[in-house]
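Have the viewer open as you read.

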Amino acid sequence: MLSLKSHFGGYVMSEGNDDKKVDEQSVSRPPRFPAKAKMKVEVEFELDDERIFNLQDGGLTTTLVTSN
Amino acid sequence: MTTMQARSIHDPYPCPVRADMLRKGMDIQLLSSFRYLLETAYNKLNIADNRLLCGLQILEEDLSKNYKIHPEVYGAHWQLMLAMKKNNVSRILYIIDNFTFPESTNSYSIGIFPQPDTGIVNEQLIRDTLDQQHLQAYGSSIDATSPSIELVQSSSELINNVFKRIQQVLPDVAAEIETYITKISLIDSKELSAGTSFPVFGLMYLHYIKDYQNWTAYLEHLVHEAAHHHLFAVIATENVFERDSEKKFYSPLRLEPRPMSAIFHQMFVLSRVIYVVSEFQKAYPESIELKSVNTAYKNKTDDPSFQKKFFMAADTIAKNACLTQTGDLLFHQCCKLVENAEIVYS
């Protein structure tokens with residue numbers, strides 16, 4: 001069972017601290033695509049746009065240009 | 001007096017109850033979408049690790065405790081979605097392996113942007129999002145560097161002081177700001193004064209306070225950027241436009257022409273700023289700073305009042321926009337609000 005803290009390590013938790021080790025050990029992590037092996041993996045994700053919250057719709061980046 | 005009942009979505013006046021409902025709606029949609037993306041990625045890539053799904057479940061429980069989802073979660077969701085749309089497996093794995101859910105919050109915190117290079121992935125995902133958004137809008141990455149600790153300290157104090165003033169004069173406005181904004185990042189920039197990017201909903205970036213500025217600059221920025229958040233939450237709930245075209249129009253706030261959605265945002269935001277400055281002038285009738293509040297938003301010699309800018313935007317909308325009933329009602333209510341508000345300029 002993972003503790004609340006291990007779920008929410010947040011950005012205060014640095015790599016390699018004790019909490020992180022507990023987290024790694026507690027969670028089953030079976031082999032999967034090894035990122036470091038630089039293996040070219042081609043996967044096509046078929047996404048249902050209806051289920052995605054697209055925060056670009058109707059939105060825009062709003063910035064104010066400094067007035068001198 | 002704080003409003004206890006939710007105002008209509010067509011009503012431009014701030015309302016914390018309505019803001020809370022809209023914010024919760026945003027957060028629920030975000031977490032549902034994040035869950036869908038994660039489950040799709042895990043299934044497709046045959047990943048059994050459930051670290052992020054467990055974290056997501058706790059965030060879902062947090063919503064019932066009146067917490068708000070942190071902009072870092074919005075940023076990670078956005079980056080994961082982009083990576084999946086591009087079928088970029090290494091990027092997906094990078095996010096899944098390194099992102100950690102921040103704790104939910106019910107108040108804003110003030111920090112700096114960009115963070116010094118600490119290798120924190122959560123921050124990097126926000127940075128990537130802002131860079132991409134600025135690249136799309138202006139053709140270059142966000143022009144922002146970290147301000148010094150001294151500038152951050154003085155600016156943070158000023159933001160908190162201004163927020164306290166808003167709480168005293170217009171508690172509904174303050175409550176709405178707190179509902180939408182959970183992270184304020186101070187920046188140093190040659191081009192930017194303040195900004196918001198919806199893929200990182202809840203984040204507002206503000207330039208540190210400059211020597212020639214006073215507290216009214218932050219009064220305007222806080223109200224302005226929170227108003228963008230509110231309108232975006234409205235648009236995420238109900239359509240405002242029957243159709244939006246690629247056509248661009250003269251903007252009272254920018255040098256370059258903008259799409260109708262941006263003009264509508266400007267109109268709405270100006271109505272809020274006009275309302276707040278007007279109420280503050282009533283609360284502080286002797287304040288010279290409020291009478292000389294900076295109305296300039298762009299590098300242009302002309303510097304018309306907030307009201308003139310509002311009616312420029314309103315005129316463009318009246319002549320060109322194809323609004324839904326919601327959009328039309330909101331637009332006309334904003335016009336009424338501005339007609340009833342008075343600002344004295346020195």
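The points below walk through some helices and cores of chain B.

1. Keep in mind that this is a predicted model. Everything here is computed from it.

2. Start with helix α2 of chain B, residues 51-63. At 1.5 Å a residue, its 13 residues should span 18 Å, and the end C-alpha atoms sit 19 Å apart, which agrees. Its buried residues include L52(B), L53(B), L56(B), L59(B) and L63(B), along with R51(B) and D62(B). As background, an α-helix has 3.6 residues a turn, so residues three or four places apart point the same way.

3. Next, the largest nonpolar core, which has 111 residues. Which residues have the most contacts inside it? They are F34(B) and F264(B). Leaving out residues up to four places away in sequence, F264(B) touches, among others, L231(B), F241(B), I317(B) and F331(B). Another core, of 10 residues, lies apart from the largest one, with F113(B), L130(B), I187(B) and V200(B) among its members.

4. Now look at G75(B), in helix α3 (residues 71-85) of chain B. Is G75(B) buried or exposed? Its relative accessibility is 0%, so it counts as buried. Beyond residues up to four places away in sequence, G75(B) touches T129(B), P199(B) and V200(B). D128(B) is 53 residues from G75(B) in sequence, yet their C-alpha atoms are 8.6 Å apart.

5. Finally, α1 (residues 16-45) and α7 (residues 171-180) of chain B: their axes come within 9 Å and cross at roughly 10°, which makes α1(B) roughly parallel to α7(B). The contact involves residues including P16(B) and L22(B) of α1(B) and A175(B) and Y180(B) of α7(B). Its residues divide into 5 nonpolar, 1 polar and 5 charged.

Technical notes
Residues numbered from 1 in each chain as written. Chains lettered and ligands numbered in written order. Predicted model: local features only at pLDDT ≥ 70, side-chain atom pairs only at ≥ 80, totals over all residues. Heavy atoms only, no water. Helix = DSSP H or I, 4+ residues; strand = E, 2+ residues; numbered from the N terminus. Expected span 1.5 Å × (residues − 1). Buried < 20%, exposed > 50% of the residue type's maximum accessible area, 1.4 Å probe, protein only. Core = buried A, V, L, I, M, F, W, Y, C linked by side-chain atoms within 4.5 Å. Contact = heavy atoms within 4.5 Å. Axes fitted to C-alpha atoms, helices over the stretch in contact; angles between N-to-C directions. Parallel < 35°, antiparallel > 145°, perpendicular 65-115°, else oblique. Nonpolar A, V, L, I, M, F, W, Y, C, P; charged D, E, K, R; others polar.
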